[in-house]
Amino acid sequence: MGDGEARLGRGVHAADDARQQATARTLPVPQLLGHSRAGGKHVVACEDVFATGRCTMLLGDVIATADRHPNALPRVTALIDAACDSLLAAVADSGRTAPLSDCVPGL
């Protein structure tokens, strides 16, 4: 890796760190553990939320469970409500909105 690549790598990591910290202020996100390179690729390591117990199932798994066991439906509703509440809190905290096309070029 040349010096230019090293500088780019550090800049990319710093930007990743800054984005993760900004996001973590308003949304429940896994803790960023670090960066490395493997096989010519940049690897970003985050907390394993299943191993730490922060999560026990993916939303899709909860939906599938509710398909088989309707008594699990309130859990689906609660998870979706919590996700929407987190997104609304993040928007309120950022103090600005933008069209999706401005946020994700190429859509």
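Tutor: Helices (H or I, at least four residues) and strands (E, at least two) are DSSP runs, numbered from the N terminus. The model is predicted, so local features need pLDDT of at least 70 and side-chain atom pairs count only at pLDDT 80 or more, while totals for chains, interfaces and linings use all residues. Residues are numbered from 1 along each chain as its sequence is written, and side-chain values use heavy atoms, with hydrogens and water left out.

Student: Which pattern does the protein chain follow along the sequence?

Tutor: The protein chain holds four helices and two strands. Read along the sequence, these elements follow the pattern α-β-β-α-α-α.

Student: What percentage of the residues of the protein chain count as buried?

Tutor: Buried means under 20% relative accessible area, exposed means over 50%, and partly exposed lies in between (1.4 Å probe, protein chains only). Of the 107 residues of the protein chain, the share that counts as buried is 13%.

Student: Which residue meets the side chain of arginine 54 in a salt bridge?

Tutor: Side chains of opposite charge can pair when their charged atoms come close. A salt bridge requires a side-chain nitrogen of Lys or Arg within 4 Å of a carboxyl oxygen of Asp or Glu, and a search of the whole structure finds one. At 2.6 Å from N to O, the side chain of arginine 54 meets that of glutamate 47.

Student: Why does glutamate 47 count as buried, and at what relative accessibility?

Tutor: Glutamate 47 is found in the loop between strand E2 (41-46) and H2, and, leaving out residues up to four places away in sequence, it touches Val29, Pro30, Gln31, Leu33, Thr52 and Arg54 (contact means heavy atoms within 4.5 Å). Arginine 54 is partly exposed, with a relative accessible area of 43%. Glutamate 47 counts as buried because its relative accessibility is 15%.

Student: Which elements give two or more residues to the nonpolar patch?

Tutor: Leu59, Ile63, Leu79 and Ile80 make a nonpolar surface patch of about 300 Å². Patches are made of residues with over 30% relative accessible area and no salt bridge, with like charges joined within 9 Å and nonpolar side chains (Val, Leu, Ile, Met, Phe, Trp, Tyr) within 5 Å. Leucine 59, which lies in helix H2, counts as partly exposed at 39% relative accessibility. The elements that give two or more residues to this patch are helix H2 (59-68) and helix H3 (73-94).

Methods: Areas by Shrake-Rupley, 256 points an atom, 1.4 Å probe, with all protein chains shown as cover.
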